[in-house]
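Here is a friendly walk through one protein model. Please keep the viewer open as you read.

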Amino acid sequence: MLSEQSAATVRATLPVVGAAIGDITERFYERLFTARPELLRDLFNRGNQAAGTQRQALAGSIAAFATYLVDHPDERPDVMLHRIAHKHASLGVTPEQYPTVHEHLFAAIAEVLGDAVTPEVGAAWDEVYWLMANALIAIEARLYAEQGAVGCDTWREWEVVGRIEETADVATFQLRPLGEAPAPGFRAGQYVSVQVQLDDGARQIRQYSLSGAGGTGSSVRQISVKRVTAGAGTPEGEVSHHLHARVREGDVLRLSAPYGDLVLDAADQDAPLLLASAGIGVTPMTAMLEQLAATGHRGPVTVVHADRSPAEHALRADHAAYAGKLPHGAAYFFYERPDEGHPAELTGLADLTALPPLPAGTRAYLCGPLPFMRAVRTQLLGCGVAAADIHYEVFGPDLWLAQG
Ligand SMILES: Cc1cc2nc3c(=O)[nH]c(=O)nc-3n(C[C@H](O)[C@H](O)[C@H](O)COP(=O)(O)OP(=O)(O)OC[C@H]3O[C@@H](n4cnc5c(N)ncnc54)[C@H](O)[C@@H]3O)c2cc1C
Ligand code: HEM
């Protein structure tokens with residue numbers, strides 16, 4: 001909880017800090033990576049840095065956290081904190097790194113805001129930072145402990161035991177851990193971080209959702225990776241390209257333990273569910289569906305997927321087969337370029353209004369590009385689904401965090 005005095009100062013300075021936060025984080029990253037270049041090489045996603053997206057996520061989350069604190073002095077924005085902590089834990093972020101981030105962030109604030117940072121203002125924002133940092137450190141400690149990661153060392157070596165070309169651009173890598181220790185447990189919907197060494201020596205990390213539920217007792221896990229191709233003015237994706245071009249059966253990959261908070265929970269048991277995905281956002285959905293099929297989920301499950309064409313729909317056969325195993329499952333696949341014989345009403349972008357009405361009390365899980373999720377969320381709210389029952393995963397820095 002923020003002290004009363006700091007709350008007043010933070011409330012009064014939120015507009016000026018909020019307006020400058022883009023510049024502050026830009027200077028923060030410049031300072032951080034000048035002082036600690038290895039953090040950009042081996043921890044932060046340099047694609048996000050180049051594209052500017054991670055900056056917006058960090059800046060947005062601090063402003064959103066401060067706003068939340070002043071608006072709800074006795075509460076904590078747990079959803080937001082957990083989302084960040086899961087990502088941090090999948091990267092092996094340590095408590096010792098928080099003072100480093102603090103040092104460069106506050107130097108950047110002083111540089112950008114100049115005299116506006118009186119000792120009182122500095123102290124109030126310091127309190128915000130450490131409230132957020134200590135909350136994250138505590139959640140991360142719990143997450144590391146749950147996975148038995150000693151000293152925040154989340155990394156382990158896995159052998160590629162199979163590679164399946166799902167579509168022209170998506171490959172599935174089946175993995176088994178090296179060594180005697182069993183494969184870590186996970187919940188359908190979670191992701192792992194994969195760290196690869198690139199040609200320039202950088203060890204870059206990306207997250208990939210586990211695309212199968214794993215099966216009881218099996219130590220094989222799988223990820224399905226879409227190759228990010230070059231666009232007008234944008235280079236090909238570094239890690240996805242490396243995995244596609246270089247990694248074959250028999251190779252070894254470094255993986256984190258599984259993390260992520262987009263998972264089915266106890267409240268979902270036999271409840272009406274909607275699993276909506278687009279493109280490579282299919283990966284957590286197939287894992288969830290496999291789990292629902294394996295546990296014999298009795299409630300209605302509506303599966304919606306949007307893709308360019310059936311040929312580009314990765315894991316399409318699994319997607320349809322698991323939905324088909326559910327006693328009350330129905331799958332609707334929307335294609336912008338359908339094959340012959342595809343129902344006309346399912347051509348184009350995903351449209352929930354073209355489907356039978358969703359049962360009352362539907363709980364929704366979404367994964368795909370932000371415009372897709374925004375559109376589906378708007379339709380769900382319009383159908384009476386409660387905002388609290390709409391859960392989502394973003395395959396990149398979560399810019400929705402910035403919106404609180
Ligand atoms: C929780 C989570 C789960 C995920 N699950 C999956 C999954 O199951 N399957 C999957 O395929 N992906 C998944 N992703 C996405 C994945 O983590 C990677 O983001 C994706 O593979 C792209 O990484 P990359 O290294 O290939 O691309 P990057 O090199 O990181 O590039 C990303 C984008 O930035 C652009 N870019 C890079 N440099 C510049 C520059 N200088 N200027 C302008 N633009 C630039 C690139 O062109 C590209 O479009 C997930 C992400 C998250 C966060
Ligand atoms: C209070 C302090 C911090 C806040 C508020 C914060 C906030 C965030 C947010 C909002 C994200 C994006 C989450 C998402 O992808 O959805 C993130 C990612 C990340 N954070 Fe932090 N963070 C903090 C401290 C740290 C520290 C101490 C480190 C380690 C040096 C760190 C390293 C990272 C990395 C590497 C990522 C992923 C970046 C990427 O993939 O582009 N963070 N953080």
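We start with the conventions, then turn to domains, the iron site and helix packing.

The model is predicted, so local features need pLDDT of at least 70 and side-chain atom pairs count only at pLDDT 80 or more, while totals for chains, interfaces and linings use all residues. Residues are numbered from 1 along each chain as its sequence is written, and ligands are numbered from 1 in the order in which they are written.

An automatic or database domain assignment divides the protein into domain 1 (4-146), domain 2 (155-255) and domain 3 (266-403). Taken over C-alpha atoms, the centres of domain 1 and domain 3 lie 33 Å apart.

Next, find His88 in helix H5; helices are DSSP runs (H or I, at least four residues), numbered from the N terminus. Its NE2 atom, at 2.1 Å, is the only protein donor of the iron atom of ligand 2. Donors here are N, O and S atoms within 2.8 Å of the metal (3.2 Å for Na, K and Ca), and water is not among the atoms, so sites may look incomplete.

His88 also takes part in the contact (heavy atoms within 4.5 Å) of H5 with H7, where its H7 counterparts include Met132, Leu136 and Tyr144 as a group. The axes of H5 (residues 78-91) and H7 (residues 119-146), lines fitted to C-alpha atoms over the stretch in contact, come within 9 Å and cross at roughly 55°. The two helices are therefore oblique to each other.

Helix H1 (residues 4-35) packs on H7 at about 95°, with axes 9 Å apart. That makes H1 roughly perpendicular to H7, a label for angles of 65 to 115 degrees, whereas angles under 35 count as roughly parallel, over 145 as roughly antiparallel and the rest as oblique.

Technical notes: Side-chain values use heavy atoms; hydrogens and water are left out. Axes are lines fitted to C-alpha atoms, for helices over the stretch in contact, and angles run from 0 to 180 degrees between N-to-C directions.
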